[in-house]
Amino acid sequence: MKKNLVISLLIILFLFGCVPANRPARTTNTVAPTQITVLAAASLTESFTEIGKRFEEANSGVTVVFNFAGTQELFQQIEQGIPADVFASANAKYMNDSVSAGYVDEAGRVIFAKNALTVIHPNANPGELKILADLSKPGLKIVIAAKEVPVGKYTNEFLDNTSQDTTLPENFKENFLANVVSYENNVKGVVSKVVLGEADAGIVYFTDVTGDALTELGMIEIPSDLNVIASYPIATLKSSQNVAFAQAFVDYVLSDVGQGILKNYGFINP
Amino acid sequence: MAIYSIENNELQGIEIPDKKRSGERFFGLWKLTAFPMLLFIALPLLALFLRVSPATLLENISKTQILNALQVSFSSALISTILAIILGMPVALLLSRKKGDVFRIVDTLIDLPTVLPPAVAGIALLMTFGRNGLVGVYLSDWGITIPFTRVAVIMAQLFVAGPLFVRAASIGLSAVDPELKQAAALDGANRWQTFSMVIVPMAWTSIVSGAVMTWARALGEFGATIIFAGNFPGRTQTMPLAIYLGFETDMNIALVLSVILIIISFLSMIVVKGVLHKHVRYY
């Protein structure tokens, strides 16, 4: 009898023990190697991975952990209180939202890169696409990003711009949209489906056509008067536990080395 | 405690040692240790319901995006469940015989989709039925392309949820007493008659509960669908896809659809448990 009672109580006590009490601040943390977490837009995957490596080489003892996802997803994570130090957004909107919600200091945000849209198609080019106007041919399978994702928003802006271009066929936007078979939730989803040849064409950032994709994709340029230029802002988060290193990372992205790497991956320096 | 008092009545006049009695009383305390796990599961579900007021529910339920997602989800889950029954029954029968190497291979194969991450299922389906896939290459010669269509949604659901039906049905089928089959054969029943008039009625409850489990799992399918079928409102955007995109933009849509999905899943489970309960009482 007593045994059962004791066991039950022990289990309950153990469970309550999981609630942290007001313990004195631990000092062991300072000895452990520093780690900073960078929330970065999916389109920064390749370039930031390289910048992160170079930053770690330049600052021994510091580890950079990346969380690459659609910017809208990253913003949700910040809202839910994810512990992180730096936020690199693929558009101004989510950075502005972060400022007004108090996650980021208004003075701290900087535009560190610009990006442009491009049309991609598989190398085999099953849709026989040569010029932009071909995208309104009936029967094509086009994949674009959902309007909730920054690149999807820019794609919509680009389509709105096409109405002013008299060289394009009539109802280009409507016919283009009639060809859309999927609104992907991430720019990489668009790239993958075109690389696999499941879609005839897609619209992505110029910078997504790098590395492996470069050899497997063909491109159709979007003229600069129709194109939408995306601005990428970066900032440290107010909740950062490592403000010094977080700021050092931001500075590194803005330095000649960081800007050079971004340029190599197809970004336009601001 | 009702059980305790009944026990006391039954044992009236018999002397029970004190030690045992108080032991019983304290023994009941262990039940408290089940509380944290139950709370852990119930609380998040409750939190969803608390965030959605009846007004929000009514206001959002008629939104096109929600209606589209409901329509896509219900129609495709219904078809994939029917297909799971038609195509899964022979497999279930094969498994219910439980003999030989074939059994072991089929048995493992049918469990694989249940343990694989759904994203793997989606990529596998693309590699098979995509335009450049193993089979898809020949299909596209015939002018048939599967990705980004309702068919792709159904296939993704069948792949991920179908095995649940096969598993449940095979357990039911193998529980039928072989002597009954022999008796039916002795009475002059052929194989089909034995199957349709003896085995299926005996295993009916497992077949129904398997179908309901498949239907509920198909409704919740996400990973394979987004990879294989893409996301197109009204065509391939199922409830889970709409919840995911809604989570990033329109929280109300995500919450309302989540609540609907929980209610449907809960009701499905109740049906399954009800059927199983009858099953236990009847036999």
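A salt bridge here is a side-chain nitrogen of Lys or Arg within 4 Å of a carboxyl oxygen of Asp or Glu. Keep that rule at hand, and select Arg131(B) and Asp200(A): their side chains meet in a salt bridge, at 2.7 Å from N to O.

Before going on, some housekeeping. This is a predicted model, in which local features need pLDDT of at least 70 and side-chain atom pairs count only at pLDDT 80 or more, while totals for chains, interfaces and linings use all residues. Residues are numbered from 1 along each chain as its sequence is written, chains are lettered from A and ligands numbered from 1 in the order in which they are written, and side-chain values use heavy atoms, with hydrogens and water left out.

**Stop 1**

Asp200(A) sits in the loop between helix H7 (187–195) and strand E8 (201–205) of chain A, and Arg131(B) in the loop between H7 and helix H8 (136–141) of chain B, and the pair crosses between chains. Helices (H or I, at least four residues) and strands (E, at least two) are DSSP runs, numbered from the N terminus. Are these two residues buried or exposed? Both Asp200(A) and Arg131(B) are buried, where buried means under 20% relative accessible area, exposed over 50%, and partly exposed in between (1.4 Å probe, protein chains only).

**Stop 2: the whole interface**

Now widen the selection to the contact of chain B with chain A. It takes 29 residues from chain B and 28 residues from chain A; contact means heavy atoms within 4.5 Å. About 2,600 Å² is buried between the two chains, with carbon and sulfur atoms giving 60% of that area. Buried area is the accessible area (1.4 Å probe) that two parts lose on being put together, summed over both.

How many salt bridges does the rule find across this interface? The rule finds one. Polar contacts between chain B and chain A come to 10 residue pairs (both at pLDDT 80 or more). Such a contact is a pair of N or O atoms within 3.5 Å; within protein, one must be able to donate a hydrogen and the other to accept it, and residues adjacent in sequence count only if both atoms are side-chain atoms.

To see the chain B side, colour helix H2 (18–27), helix H7 (118–129), helix H12 (223–228) and helix H13 (239–248), the elements that give two or more residues to the side touching chain A. The residues on that side divide into 17 nonpolar, nine polar and three charged. For these classes, Ala, Val, Leu, Ile, Met, Phe, Trp, Tyr, Cys and Pro count as nonpolar, Asp, Glu, Lys and Arg as charged, and the others, Gly among them, as polar.

**Stop 3: inside chain B**

Chain B has 14 helices and zero strands, and 37% of its 283 residues are buried. Among contacts in chain B with a separation of 6 or more, 73% join residues 24 or more positions apart.

Next, pick Thr238(B), in the loop between H12 and H13 of chain B. With a relative accessible area of 1%, Thr238(B) is buried. Its contacts, not counting residues up to four places away in sequence, include Ala69(B), Val72(B), Gln157(B) and Thr225(B).

Then move to Ile260(B) in helix H14 (residues 251–282) of chain B. Ile260(B) counts as buried because its relative accessibility is 12%. Leaving aside neighbours within four places in sequence, Ile260(B) is in contact with Ile61(B), Leu70(B) and Met239(B).

**Stop 4: over to chain A**

Bring chain A back. Chain A has 10 helices and 10 strands, and buried residues make up 49% of its 270 residues.

Select Glu46(A), Lys188(A) and Asp208(A), which are linked in a network of salt bridges. Another bridge joins Arg109(A) to Glu106(A), with the closest N and O atoms 3.3 Å apart. Over all chains, the search of the whole structure finds 11 salt bridges.
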